[in-house]
Amino acid sequence: MRRPLPDRYLTPVDLADLLGVPVETVYQWRRKDTGPRGFRVGRHLRYDPEDVRIWVAAQMDKEAA
């Protein structure tokens, strides 16, 4: 990734902004189980920056293959 990831858990809005996609796309990935692994903190959805980095790397590997 070109932009450094923050040292805190990401919100869906953070993730959408980081990847340049609409927030609804992040929620669709969650529903379809195709996006980065997320977790709930109460009613709030969060993403671990390391999981996001791994997911992005996997997507780039798929494109290269």
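## Tyr47 and its surroundings

Tyr47 touches Tyr9, Leu10, Thr11, Pro12, Leu15, Val26, Arg30, Pro36, Arg37, Gly38, Phe39 and Val52, leaving aside residues up to four places away in sequence. Contact here means heavy atoms within 4.5 Å. Tyr47 is buried, at a relative accessible area of 1%. Buried stands for under 20% relative accessible area, exposed for over 50%, and partly exposed for values in between (1.4 Å probe, protein chains only). The C-alpha atoms of Tyr47 and Val21 are separated by 15 Å. These two residues are 26 apart along the chain.

The model is predicted: local features need pLDDT of at least 70, side-chain atom pairs count only at pLDDT 80 or more, and totals for chains, interfaces and linings use all residues. Residues are numbered from 1 along each chain as its sequence is written, and side-chain values use heavy atoms, with hydrogens and water left out.

Tyr47 lies in strand β2. Helices (H or I, at least four residues) and strands (E, at least two) are DSSP runs, numbered from the N terminus. Side chains alternate along β2, residues 44-47. Leu45 and Tyr47 point to one face and are buried.

Strand β1 (residues 38-41) pairs with β2 in the antiparallel sense, over four bridges. Pairing requires at least two DSSP bridges between the strands. Gly38 has Tyr47 as its bridge partner, and Arg40 has Leu45.

## Positive phi at Asp33

Which phi does Asp33 have? The value is near 55 degrees, positive in a residue other than glycine. Most residues other than glycine have a negative phi. Asp33 sits in the loop between α2 and β1. Asp33 is exposed, with a relative accessible area of 69%.

## Aromatic pairs

Rings of Phe, Tyr and Trp (its six-membered ring) pair if their centres lie within 6.5 Å; planes under 30 degrees apart count as stacked, over 60 as edge-to-face and the rest as tilted. The count comes to two aromatic pairs. Tyr9 and Phe39 form an edge-to-face pair, 5.0 Å centre to centre with 80 degrees between the planes. Tyr9 lies in the segment before α1 (12-19) and Phe39 in strand β1, so this pair ties together parts 30 residues apart in sequence. Tyr9 is partly exposed at 47% relative accessibility. Phe39 is partly exposed too, at 28%.

Trp29 and Trp55 have ring centres 5.0 Å apart and planes at 50 degrees, so their pair is tilted. This pair links distant parts of the chain, 26 residues apart. Trp29 belongs to helix α2 (residues 23-32) and Trp55 to helix α3 (residues 49-64). Both tryptophans are buried.

## Packing of α1 on α2

How do the axes of α1 and α2 cross? They come within 8 Å and cross at roughly 110 degrees. Axes are lines fitted to C-alpha atoms, for helices over the stretch in contact, and angles run from 0 to 180 degrees between N-to-C directions. The two helices are therefore roughly perpendicular. Angles under 35 degrees count as roughly parallel, over 145 as roughly antiparallel, 65 to 115 as roughly perpendicular and the rest as oblique.

From α1, the residues Pro12, Val13, Leu15, Ala16 and Leu19 meet Val23, Val26, Tyr27 and Trp29 of α2. The contact residues divide into nine nonpolar, no polar and no charged. Nonpolar covers Ala, Val, Leu, Ile, Met, Phe, Trp, Tyr, Cys and Pro; charged covers Asp, Glu, Lys and Arg; the others, Gly among them, are polar.
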